[in-house]
Amino acid sequence: MPINVHTHVHNLAATFTDETLRTLLDRLLREGYPDVLVDRVRDLLASVLDRTETAPQPEVLLHRWLRDTVNAPSVQTYLDSLAPSERVQFEVLGSALTEEIGLRAVAQVVDRVRTSLRDGAQEDARTKDLLDLVGFLHIVLQPSIRHVTRRLMDQQPDDGMVVALTLDITEGGDADRARYEHQLRQTSEQIFDYPGRFLPFVCVNTRRADAFVLMERALVAQGYVGVKLYPSLGYTVDSQAMRRVLAYCHERDVPLLMHCSPGGFFRNPQTIHLSAPEHWRPLLEAFPGLKVCFAHFGGADNLVQDPLPSDSWTQTILDLMGEFDGVYTDISYNDAPMAGGEREAHYFTHLERLLDDPVRRDRILFGTDYFLIRMRLRESSFWAYFEDRLSAEAFERITDANPRRFLGLSARPDRLSWALDHHVRFVADNSERCAARPAPWLAQAIEDRFGDVTFTVSDLGPRWSRNNQAHWHLYWFLRDNEMRLDHRPPFEEAGSLRLRTLKYWTKEHDPASLFAAHRRAFAERIDMQLTTWGATYEAEYDRAQARSALDVFLDDGQHRVVDLGALCDRLYLFQQEQAQRFPSPPPDAS
Amino acid sequence: MIRLHCILLVCLGLLRAEPAARAQTVTSFDADLAPHLLTADRTWAPGLTPDLRLAAEHAGFSTSWFARAEAGGPLLLDADLATEALSVSGALGIARNFFRPSPTPPPPPGAPTAPPPPRTGARDFGRVAAGLRLRYETTQTFEDQNLTGGLQLTYSMRGQSGWARLIPSVHVAAEGALPIRADARKAVGAETNGFVLLRGMASVTPGLGAALPPDWLDPLDLHVYVDGRWEGATGSAWRTEGLDTAFYAAATLLYAFRDAVGVVEQLYVRWSDGRVPPAIEAEPTWTFGVVVGLPARDSRPGA
């Protein structure tokens with residue numbers, strides 16, 4: 001069971017404010033993207049954040065953005081300075097996004113961007129190009145955490161597990177509380193779509209007034225299994241508030257994962273140092289055995305040097321690993337060696353040595369830093385890059401055995417950690433909401449604790465989920481209006497029904513005009529019922545367009561109900577999604 | 001067939017005048033095929049009923065009006081046995097759906113599934129559409145072709161339960177017709193001028209299998225279709241031959257597999273009698289057919 005211990009699934013609207021957008025743009029600049037493009041990205045993302053109504057779907061936004069960007073004089077000047085191959089790539093991308101070809105082309109291009117091809121993984125790792133920027137924006141612009149999660153999980157190995165880290169970027173006090181609670185709630189919901197494969201960590205930012213309360217609630221009642229720290233957002237780890245958090249985690253063996261590289265997000269340049277590992281020595285002495293993962297190995301720029309800089313964060317982490325049993329590290333966003341050459345050779349010399357070191361080899365973890373890593377390369381390319389360069393044993397160690405140890409995921413279900421035990425209870429209590437069967441470890445743990453718990457799940461997994469209001473509402477409409485009374489299957493089976501089994505279907509036996517009338521009537525009924533139940537239209541659709549899209553779709557009886565559900569998801573915005581995209585403003589918002 | 005397609009394209013071109021943002025286009029050739037064997041007067045003929053969306057179907061409608069081009073009709077290898085017409089039509093009109101959505105939202109996803117929650121309470125009273133239709137109809141041999149245009153009224157109803165299943169969908173039209181080619185009329189010495197045409201058709205699918213006890217008969221159903229027309233002012237020779245009125249009735253017993261058996265979606269046997277002008281043959285026929293489903297293609301814009 002490969003485990004990725006470092007991912008993010010928060011979309012732009014769920015996490016970022018105008019101010020924190022700046023830090024994201026800084027990261028793009030540090031990645032080497034030119035000012036002219038970052039300026040265009042700023043305009044794009046700011047326009048999304050400023051929206052008070054529904055934003056168009058990501059493909060539509062990217063379509064417009066790329067078209068305008070290609071034609072912008074400043075970008076044209078930039079293109080003149082590019083190497084011919086890269087320029088051609090950008091211009092081809094731009095020309096494919098004309099109105100004439102339209103959204104289908106955009107979807108295909110974007111899909112190609114995010115589709116990982118194993119053969120292309122090496123090339124993807126070696127180079128950073130404009131497609132990486134488009135791919136990154138495509139994720140950031142996703143309308144909800146659920147959408148980002150789906151993209152992440154689609155790229156994991158079949159039985160792969162992820163640790164999803166929330167992020168609390170706050171001004172302090174009660175600021176943005178509703179936004180953060182919304183992020184916690186929506187992230188927790190993803191557990192139901194991938195039970196046993198999605199383990200969230202709750203971010204603690206002690207600038208927030210009730211950070212401890214939110215953390216405790218997340219761990220006890222929302223399925224969270226660990227704590228994420230990000231001190232460079234503007235708080236110190238050696239404070240009274242943080243010691244209270246650490247004592248709580250220490251007592252219950254809750255793992256912590258801390259951002260630990262000079263890059264990433266920071267409140268201002270002076271706060272970068274707050275993420276340095278050297279602040280932890282007194283804390284680790286005070287809480288012996290406390291599990292802390294210092295992420296990013298302190299910055300991969302150190303590991304590509306030989307010898308390792310003695311005053312580097314990486315060296316400090318290695319020293320702490322030697323002194324304290326609970327200290328871990330991960331290789332997330334370690335892209336520094338990917339350009340090849342000596343830097344790559346040095347990096348893997350260090351890594352292989354450490355994976356042979358009996359003191360440290362069991363505490364190095366694999367993580368990708370999805371979706372931020374998409375600025376640089378695809379998720380699957382990151383996996384492939386390390387799998388190809390490490391021995392099978394070493395790769396298995398960092399992706400399976402070590403993460404299990406860190407998470408407290410014992411091979412024996414009766415010996416799960418305190419947080420995982422609460423996670424098991426959380427899933428069992430909400431078994432009706434699960435869209436897939438639990439992973440084997442979770443199924444066993446539930447059975448051991450609670451006996452026979454029923455999971456009424458669809459074989460279609462999250463593609464046909466009770467937790468998706470488009471699917472759930474469509475099912476109820478079809479059940480009550482379009483399925484024969486003698487054959488109204490439960491939700492889990494209904495997704496596989498073909499449209500030709502619904503009662504509107506008379507295509508083979510009625511004249512075209514009569515069948516068209518049935519089909520149009522059906523399309524209208526779907527629209528009338530879903531809007532009566534509170535659905536509104538996605539930004540690029542109105543009532544007539546939604547009905548027309550349904551009408552065209554219903555003409556093919558080979559489509560299945562699950563496909564119709566996906567179409568309704570594209571056309572309509574349901575109340576749950578509205579809440580996902582536009583959380584209530586915080587109490588102090590003007 | 002080439003002429004059939006040309007007229008379809010003309011209709012599509014006219015509909016292109018509609019605001020593009022509100023329109024949808026089916027770009028694919030539909031993969032539903034219904035190969036069948038038809039017998040009439042002790043003669044057997046293989047046939048095929050493809051969905052003739054060979055170019056594109058451009059359609060759009062708002063909450064109150066619609067515009068659409070359609071084509072359809074069975075093709076037989078022995079065209080002389082054909083009792084139905086091929087047609088291409090374009091329509092413009094208004095529609096009103098009498099569906100009453102349920103105000104009661106679905107239960108929360110976590111609600112117990114047994115016993116099943118009650119129905120949410122939507123009511124369906126059908127849909128009425130009225131408007132203008134321009135239609136080209138032809139025999140398969142193209143020896144008799146008409147261009148018709150006029151007013152139409154369609155009531156569409158697909159009842160789910162009880163007596164509602166027995167309510168037919170009905171289409172009536174009053175049109176003027178202009179023969180483009182009229183070999184049959186000439187053969188009987190009839191005039192080939194334009195004429196008035198009244199048409200009516202109805203169909204119903206009562207859900208036969210649901211009324212029968214065994215579960216495996218649930219997918220069984222009966223589809224009944226009738227089509228009648230009366231042509232006015234067509235001259236005495238045509239009336240004398242009894243060709244100014246036409247009646248067609250078909251009853252289809254079908255078994256629609258919930259999961260396809262290979263590519264076979266449906267088996268059916270159909271009895272029909274009469275004719276759909278401009279077809280002249282009016283023999284009783286039996287048709288034994290299957291509906292073959294090929295993988296669906298997604299024609300949604302942006303998909």
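How closely do the axes of helix α22 (residues 469-481) of chain A and helix α24 (residues 512-532) of chain A approach, and at what angle do they cross? The model is predicted, with local features requiring pLDDT of at least 70, side-chain atom pairs counted only at pLDDT 80 or more, and totals for chains, interfaces and linings using all residues. Residues are numbered from 1 along each chain as its sequence is written, while chains are lettered from A and ligands numbered from 1 in the order in which they are written.

**Figure 1. Overview of chain A.** Chain A contains 27 helices and 10 strands, taken as DSSP runs numbered from the N terminus (helices H or I, at least four residues; strands E, at least two). Of its 590 residues, 55% are buried (20 or more other C-beta atoms within 10 Å of the residue's own, C-beta atoms being placed from the backbone).

**Figure 2. The crossing of α22(A) and α24(A).** The two axes come within 10 Å and cross at roughly 125°; axes are lines fitted to C-alpha atoms over the stretch in contact, with angles from 0 to 180 degrees between N-to-C directions. That angle makes α22(A) oblique to α24(A) (angles under 35 degrees count as roughly parallel, over 145 as roughly antiparallel, 65 to 115 as roughly perpendicular and the rest as oblique). From α22(A), A:H473, A:F477 and A:N481 meet A:R525, A:I526, A:Q529 and A:L530 of α24(A), a contact requiring C-beta atoms within 7 Å. These residues comprise 3 nonpolar, 3 polar and 1 charged (Ala, Val, Leu, Ile, Met, Phe, Trp, Tyr, Cys and Pro count as nonpolar, Asp, Glu, Lys and Arg as charged, and the others, Gly among them, as polar).

**Figure 3. The pairing of α25(A) and α26(A).** Helix α25 (residues 543-553) and helix α26 (residues 561-571) of chain A have axes that come within 11 Å and cross at roughly 165°. The two helices are therefore roughly antiparallel to each other. A:A546, A:A549, A:L550 and A:F553 of α25(A) form the contact with A:L564, A:L567 and A:L571 of α26(A). The contact residues divide into 7 nonpolar, no polar and no charged.

**Figure 4. Helix α11(A) and residue A:L214.** In α11(A), 14 of the 17 residues are buried, so the helix is largely enclosed by the rest of the structure. A:L214 lies in helix α12 (residues 211-221) of chain A and is buried, with 23 other C-beta atoms within 10 Å. The C-alpha atoms of A:L214 and A:L184 are 8.9 Å apart, although 30 residues separate the two in sequence.

Notes:
Buried ≥ 20, exposed ≤ 12 C-beta atoms within 10 Å, placed from the backbone. Contact = placed C-beta atoms within 7 Å.
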